[in-house]
Amino acid sequence: MHVDVIIIGAGVVGAALAYGMALKGKHVIVLDGADRDPRAARANFGLVWVQGKGSDAPAYSALTRQSSDLWPGFRHELSKIAADRIDYERPGGLVYCLSETEYAHRAAINERTHNQGAQADTEMIERGALEHMLPAVGLGPDVVGASYCKLDGHVNPLQLLAALHRAVLVLGGRIEFRSPVKAISPVSGGFRVIGPHGELQAPRVVVAAGLATPALTEPLGLAMPMKSERGQILVTERIAPILPFPGSGLRQSADGTVMIGATNEKIADTSVTAASATKLAQRATRIIPALGSARLVRQWAGLRVLPLDKTPIYAESTDYPGLFAAACHSGVTLAAVHAAVIAPAMGGSHLPEDLAAFSNGRFNVQKCA
Amino acid sequence: MFKSVHEKPGKASDMTVLVNGVEIGAWNGETVASVLLRAPGAGRGSTVSRTPRLPYCQMGVCFECLVIVDGNASMQGCLVPVAPGMRIESQHGPREISK
C-alpha cells in the first residue's frame with residue numbers, strides 16, 4: 001500500500017492530524033505507543049478553553065480562538081463520519097476566584113489578553129451575578145466572583161479520541177496500536193520508520209508522540225524543547241445537573257459526573273497522592289460546599305506535555321524536508337485547528353508563514369542575540 | 001428470576017427487607033444487589049441512557065446496581081449487606097445533592 005504520511009502518535013494530537021489529512025484524501029498510517037506510555041489524551045480534563053490561553057503570546061491566543069470557533073463544525077462533521085456520539089457544549093466557562101487577590105489576578109490576565117488585540121470576550125463576574133448563573137447550587141463564603149469567557153466549552157475527551165480513531169479508519173487510514181517507534185531514518189524520497197510493526201516508508205513523517213517526541217526528532221536535528229507536568233484529577237459519582245457552565249478545575253460532564261482538577265506537579269510519574277486528593281476536594285467544596293456529600297469514584301494522574309514556553313510547537317525540519325513535529329499542552333482545545341489547518345499543511349505542503357510564531361526556531365533567540 | 005441457594009421449602013428466611021414497599025425474604029451475609037436479582041421489577045433506569053439495568057458485576061466496579069437504601073441514593077447495592085427491615089427502593093435518574 002502506498003502511504004503518503006506516517007504519523008507517530010495516536011493521541012489526540014496525532015489522531016486529529018491524521019483525521020485532517022485523511023479528510024484531504026491522504027493515505028495515512030498512525031503508529032501508537034505502548035499501553036503503559038503516559039497518555040495525556042486519556043487523562044485530561046476535557047476543556048475546550050480560551051480564557052487565559054496565550055495571555056503572553058498573541059499568536060497562541062489567536063490560534064486558540066480560531067480553534068474554539070471551528071469546534072462546533074469540527075465536532076458535527078467528526079461525529080457524523082465516525083457515527084459516534086461526542087458530548088460537547090459551549091455555554092462559556094468560569095474561573096472561580098476565592099479571594100480578592102485571586103479576583104484581581106484574573107482581572108489582570110484578562111486585561112493583558114485584551115490589550116494584545118484579542119476581543120473583550122472575557123469579563124469579571126461578581127458574586128451576586130454568579131449566583132444567578134448557578135441557581136442550583138449555593139456558593140461557599142469564600143467565593144468573590146469569577147472570570148467568564150463566552151467562548152469556553154467542554155467535551156468528553158475519551159469520546160473525542162475514540163471518534164478520531166474511528167474516523168481515520170472510516171476515511172481509509174490505518175492505526176497500529178502498541179507500535180512504539182524506535183527510530184526514523186531518512187532515505188531517498190522520504191523516511192523509514194522502524195518499530196515492532198516492521199519498517200514502513202513514506203515521503204512524510206509527522207511526530208506527535210507527546211513527551212516521547214524529542215527522542216525521535218532530535219537525532220535528526222529537529223529540536224522540540226518540552227517538559228512534563230503531572231496533573232491529578234478527581235471524579236464524583238453521577239449526580240443531577242448542578243453546573244450549567246464548565247469551570248477551570250470544576251466541570252460536570254454530560255453524564256452527570258463532576259470532575260475536579262487539576263494539580264500542577266513537577267513529578268514525572270503517574271501515581272496519585274492523598275495530599276493532592278485533599279487539596280482538590282478542599283478547593284471544590286470551598287466553591288460549592290454541597291459537593292462534600294458527593295461520593296468520589298476515581299482519582300487519576302496524567303502528564304501534561306508542555307513546550308518550554310507553554311505555546312504549541314509546529315515544526316518542520318530544514319535538513320530533512322517532509323519531517324514535521326507537533327507538540328502542545330492543549331490538544332483537545334486545538335483539535336479543530338489541528339484537523340483543519342495544521343494537518344493539510346503537514347500532509348501536503350509546508351507550514352504557512354503565519355504559523356512562524358509556533359516554529360521550534362523561537363527557542364534559539366538567545367543564541368542569535 | 002434468580003432464587004437464593006438458601007431457599008428451601010418449609011424453611012424461613014433469616015430476615016425480611018422491603019423492596020419498593022414489598023416484603024421479601026433475605027439471608028444473613030447477602031447483599032442488597034443479590035436481593036434485587038430475585039425481586040420482581042426491581043431494576044432501575046440508567047442515568048445516562050435511561051435503559052433498564054440490573055446488578056451486574058457484584059464487586060463494586062460497574063455501578064449498575066445503584067439503589068436507594070434507607071433513603072440514601074446512589075448506594076452500590078453489591079457493597080451493602082442486608083439488615084432486617086431495610087428499605088430498598090429502585091432509583092430512577094441521578095442522585096440529587098442538596099443545595
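A residue is called buried here if 20 or more other C-beta atoms lie within 10 Å of its own, exposed if 12 or fewer, and partly exposed in between, with C-beta atoms placed from the backbone. The structure is a predicted model, in which local features need pLDDT of at least 70 and side-chain atom pairs count only at pLDDT 80 or more, while totals for chains, interfaces and linings use all residues. Residues are numbered from 1 along each chain as its sequence is written, and chains are lettered from A and ligands numbered from 1 in the order in which they are written.

In helix α6 (residues 157–170), the buried residues are A:P157, A:L160, A:L161, A:A163, A:L164, A:H165, A:A167 and A:V168. Just after α6(A) comes A:G172, with a positive phi of about 95°. In helix α1 (residues 12–23) of chain A, 11 of the 12 residues are buried, so this helix is largely enclosed by the rest of the structure. A:G25, which follows α1(A), has a positive phi near 85°.

Strand β19 (residues 323–327) of chain A is likewise covered on both faces, with A:L323, A:A325 and A:A327 buried on one side and A:F324 and A:A326 on the other. Strands count as paired if DSSP finds at least two bridges between them. Strand β13 (residues 204–207) of chain A runs parallel to β19(A) over three bridges, and A:V206 has A:F324 as its bridge partner. Strand β18 (residues 313–316) of chain A is antiparallel to β19(A), joined by four bridges.

Definitions and conventions: Helices (H or I, at least four residues) and strands (E, at least two) are DSSP runs, numbered from the N terminus.
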